[in-house]
Amino acid sequence: MKWLSLALGIVFLLISWLIVQVAKGYAFAYGGFEEWNAEFINQYNACCLMTDLKSVAPFALVGVVCIIFAVWKFWGERSERSPN
């Protein structure tokens, strides 16, 4: 269960990161920008970043919870093996 939780947590975090990167690329491709520079990043941060982060927040939250659960299970197993 802990390995599955760890794997799912990592997958959910990667999916969240990938969604934001694809959205940023879409904004660049269809925003009429010539270069990926500070001007583009500033305009993207002003208009689209918070919307993209709100979109991926549930996936990222599930990923973080899965990783915390896996760490808790690994830590509990480690403390059960250690002698008092």
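Helices in this report are DSSP runs of at least four residues, numbered from the N terminus. The structure is a predicted model.

**Helix H1 and the nonpolar surface patch**

By that assignment, Val11 lies in helix H1. Val11 is also one of the residues of a nonpolar surface patch of about 300 Å², to which Ile15, Ile19 and Phe59 belong as well. Helix H1, spanning residues 2-30, supplies the largest share of this patch, with 3 residues. Val11 counts as partly exposed because its relative accessibility is 42%, a value between the limits of 20% for buried and 50% for exposed.

Lys2 is likewise placed in helix H1. With a relative accessible area of 16%, Lys2 is buried. When neighbours within four places in sequence are left aside, the contacts of Lys2 are Ala70, Lys73, Phe74 and Glu77.

**The nonpolar core**

The largest nonpolar core consists of 5 residues, namely Val20, Ala27, Phe40, Tyr44 and Val56. Two elements give two or more residues to this core: H1 and helix H2 (38-47). For the core member Tyr44, the contacts beyond four places in sequence include two other core residues, Val20 and Ala27.

**The disulfide**

The bond joins Cys47 to Cys48, with an S to S distance of 2.4 Å. The torsion about the S-S bond of Cys47 and Cys48 is about -75 degrees, and the disulfide is therefore left-handed. Cys48 is partly exposed, at 22% relative accessibility. Cys66, at 16% relative accessibility, counts as buried.

**Helix H3 and Leu61**

Helix H3 covers residues 49-81 and contains Leu61. Leu61 has a relative accessible area of 56% and is therefore exposed. Between Leu61 and Ser5 there are 56 residues of separation in sequence, while their C-alpha to C-alpha distance is 13 Å.

**Accessibility by residue**

The table collects the relative accessible areas discussed above.

| Residue | Relative accessible area | Class |
|---|---|---|
| Lys2 | 16% | buried |
| Val11 | 42% | partly exposed |
| Cys48 | 22% | partly exposed |
| Leu61 | 56% | exposed |
| Cys66 | 16% | buried |

The class of Cys48 follows from its 22% relative accessibility, because buried requires a value under 20%.

How values were computed
Residues numbered from 1 in each chain as written. Predicted model: local features only at pLDDT ≥ 70, side-chain atom pairs only at ≥ 80, totals over all residues. Heavy atoms only, no water. Patch = residues over 30% accessible without salt bridge, like charges linked within 9 Å, V, L, I, M, F, W, Y side chains within 5 Å. Areas by Shrake-Rupley, 256 points an atom, 1.4 Å probe, with all protein chains shown as cover. Salt bridge = Lys/Arg side-chain N within 4 Å of Asp/Glu carboxyl O. Buried < 20%, exposed > 50% of the residue type's maximum accessible area, 1.4 Å probe, protein only. Core = buried A, V, L, I, M, F, W, Y, C linked by side-chain atoms within 4.5 Å. Contact = heavy atoms within 4.5 Å. Disulfide = S-S within 2.5 Å.
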